[in-house]
Amino acid sequence: MKVISYLNFDGNCRPAMEFYQSVLGGELITMSYGETPMAEEMPAMADKMAHACLVGDGWNIMASDSPSEHFEAMKGMNISIHAPTVEKARAYFDGLAVGGTVIMPFEETFWSKGFGLVTDKFGTPWMVNTDMEPA
């Protein structure tokens, strides 16, 4: 089984996914509504994302723009990143925090050498953690 995060945006999917690519790396694959068979039915959404996928080494994040009448802001969830080192985790955290809101600063905790909570400038909440070190 594979579980994939799927994010919905209110018209700013492309800049959000480009931002995530700049922070996390990976390859960004996109398709606008104007490039789909729905183009004629949804002319106001022509330049918005019908599908976006950021693909990394063993991970991916999918997303799209929702028509405004169907959009609901993200709440009650986080995307959790587990980085192999404290340095890498801090870089992810600091990158995602640009223009966003730090909920819990990145710091050592009783379970991790580095952990922090941030909501990015697009409203996506993130948990950034280092992998547990073997005992």
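**Before you start.** You are looking at a predicted model, in which local features need pLDDT of at least 70 and side-chain atom pairs count only at pLDDT 80 or more, while totals for chains, interfaces and linings use all residues. Residues are numbered from 1 along each chain as its sequence is written, and side-chain values use heavy atoms, with hydrogens and water left out.

**Stop 1: the sheet.** Select β5, β6, β7 and β8: they form an open sheet of 4 strands in the order β5-β8-β7-β6, with mixed pairing. β5 (79-83) and β6 (101-107) stand at the edges with a single partner strand each, so one side of each has no neighbour in the sheet. On average, neighbouring strands here are turned by 15 degrees against each other, direction ignored; the axes behind that angle are lines fitted to C-alpha atoms, and angles in general run from 0 to 180 degrees between N-to-C directions. Strands are DSSP runs (E, at least two residues), numbered from the N terminus, and two of them pair if DSSP finds at least two bridges between them.

Stop 2: Now select residues 115-119 (β7) and 125-130 (β8), which pair in the antiparallel sense over 5 bridges.

Stop 3: How many residues of β8 are buried? The count is 5 of its 6, so the strand is mostly covered; buried means under 20% relative accessible area (1.4 Å probe, protein chains only), exposed means over 50%, and partly exposed lies in between.

**Stop 4: Asn78.** Step back to the loop between β4 (60-65) and β5, where you will find Asn78. Asn78 counts as partly exposed, because its relative accessibility is 38%. Leaving aside neighbours within four places in sequence, Asn78 is in contact (heavy atoms within 4.5 Å) with Pro125, Trp126 and Met127.

**Stop 5: Met132.** Finally, select Met132 in the segment after β8. With 61% relative accessibility, Met132 counts as exposed. Show Phe110 and Trp111 as well: together with Met132 they make a nonpolar surface patch of about 420 Å².

Note on methods. Patch = residues over 30% accessible without salt bridge, like charges linked within 9 Å, V, L, I, M, F, W, Y side chains within 5 Å. Areas by Shrake-Rupley, 256 points an atom, 1.4 Å probe, with all protein chains shown as cover. Salt bridge = Lys/Arg side-chain N within 4 Å of Asp/Glu carboxyl O.
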